[in-house]
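Dear colleague,

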Amino acid sequence: MRHWVDSICLIVLAFALLVRDAHADEDDKLDSIVVTATRTPTLIRDQPVRVEAVPQEEIEENLTVQPGNLSALLHELPGVRFQAASPGLGGAGLQLRGMPTRDTLVFSDGLPLLGAEPDAFGLLQTLPLDLERVEVIKGAASALYGGSALGGVLNLVSRTADSEPEILANITSRDGRDLAGFFTHKSASAWSETLTASVHDQLREDMNGDGWADLPGYRRYTVRPRLWWDGVDGRLLFLTVGVVDEDRIGGTVSGRVLPDGAVFAEELHTRRFDAGAVSKVTFQDAQVLEGRYSVTSTHLDRTFDLQRIASTQTTAFAEESLTGIAHGHHWVLGAAFEHDQLAVAAVPGVGYTYNSPALFAQDNYDVASWLAVAGSIRADENNTYGTFISPRLSALFRRVDSPWSLRASVAVGYSLPTPLLNEIEATGLGSLNPLRDLRAERAITESIDAKWADEGWDVNVSVFNSAIRHAFEVLPTGDKLQLINSTGAQRAPGAEALVGYIVGPLHALASWSHIHATQVDPGGVRREVPLVPRQSASLDAILESEKRGRIGIELDFTSKQALEYDPYRSVSPAYFSFNALAELRLGKCAIFVNAINLSNVRQTRWDPLIRPTPGPGGNPITDAWAPLDGRTFNLGVRVAL
């Protein structure tokens, strides 16, 4: 392990020495972003709660790498990673600081349009072309948004009709194709509209010739219109509707079988419909009444070998809040209601219906010129598991004329039992025993974040810890899986650093995180949580010209990971991945070409993916702890309309 860490340190040090004498002539654009995920729209530099933002410039840089989903947009942020889930179909969930992926709440324009519990494919079906920025809050955010936000919040903020419309087309060396369009309309009236539509296609491919589709195939269609009404007199209305239709296919390829001589089918058909509305009314005393409403219905038709299980998840969300400023206090009072239902007719005892009304309050207060505090508290009353009180307290220490700032946060949260865990997503709900005798998870998270920004440098260092009581765990019981509560706390202490530098056309970013996530097994032994790397790091450097385009490199490092139920090894090897990016701009047209995973890292170069005998829940393959598709090239074009 040490020689890998030393290599990363040397790379970062060499880069720092290379640019130490340069001076930037650009302002820190991130600090001027107004973030909304904290409920009080404030400049990011003035927020007591630590918020990390990916602005539109960085979204555009990464958009060409994965035009069809969000997986490339967040890799530069430390402690944020896409963890493989349902590897036979290419699923993944968002993991924040070693917390389970199920505990990350995903918002789109402040609305849970992917549902209260996003499945392993929701983020992979979300198009980045229409995004203005991405906001991330790490750590328990139940005080802000309830039980689904135990691990943190991801808020996707869409582009408005003021943005430039465009079309993007892309092909890959792995027989993948993307075609997406972002269209706008803005008239002299108070109404404006945008429309995002796309079609994506990927052929399934057996990378190592073992008869299993390492790269699943899919065909996906998405449509999302958005509508804004600006009443000028302080009244605003936002409306959106979304449709996703996708077919995925993995399993054994044509003419091939598993070691036992059987064909194994794995398929998934997803149909998702959502609708949402946000209204704002500003009164003369600057108080703002805001309403947020949404409904989402996701129907999944899953085939896993001989089982075919249909399920429907429905989320209905309603919230009204009143915000005001008085005597230095920026306060929020509100009420919310969430209905979350999972219906699985073919598997008794797995579905649930949760109804959770809630009351919440928040106050941001400037105690002194160098100290701002933010306190939030929320009370949820769940129809099955009772009452939950979730507080959060944050503080910002910063002098106006100082490049230094310090943030500290402590928060308590909860999460309701759900079968949408990675281990169960891998085999489908048909492998699960009925849910019984479960308790809600409870967690406490703490973090201290220091920042220094001056002359083009932006340095962030954080230490953090989380402890989850009654954490959900999946145990094999015969040919089935059983969801239980862990007898000991799941802990994830760690540290992370993010260093950015801008000088002229050079944009550089280095990140590093260390997470020691452990849990207690049923035998009472504390061990590392599977598929959470101890160390991860990245180094990105891009030369960019607004007129000519950009060229860049990305170097990523992933350390060893503990593995579970893997017949070949108990700990994965560490690996590097190298990417090269380029874009040429010709007027309103931009041509891009990228080389992804040039080092051709592929899990099957170390071990087979297919097990000698089926694993837990009848799974014929191991977990995915490294890329399965290997080296990939993509070529595309973006055209501004």
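Predicted model: local features only at pLDDT ≥ 70, side-chain atom pairs only at ≥ 80, totals over all residues.

Residues are numbered from 1 along each chain as its sequence is written, and side-chain values use heavy atoms, with hydrogens and water left out.

A search of the whole structure finds 38 salt bridges, where a salt bridge is a side-chain nitrogen of Lys or Arg within 4 Å of a carboxyl oxygen of Asp or Glu.

One of them joins R50 to E52, with 3.8 Å between the closest N and O atoms. R50 counts as buried because its relative accessibility is 13%, and E52 counts as buried at 5%; buried means under 20% relative accessible area, exposed over 50%, and partly exposed in between, with a 1.4 Å probe and protein chains only. R50 and E52 also belong to a network of salt bridges that links them with R97, K138, D449 and E496.

Elsewhere, R585 meets E544 in a salt bridge of 3.3 Å, N to O. This pair links distant parts of the chain, 41 residues apart, with R585 in strand β33 (residues 575-586) and E544 in strand β31 (residues 535-545); strands are DSSP runs of E, at least two residues, numbered from the N terminus. R585 also forms a salt bridge with E583, the closest N and O atoms being 3.3 Å apart. E583 is buried, with a relative accessible area of 8%, R585 counts as buried at 17%, and E544 is buried too.

Conventions:
Helix = DSSP H or I, 4+ residues; strand = E, 2+ residues; numbered from the N terminus.
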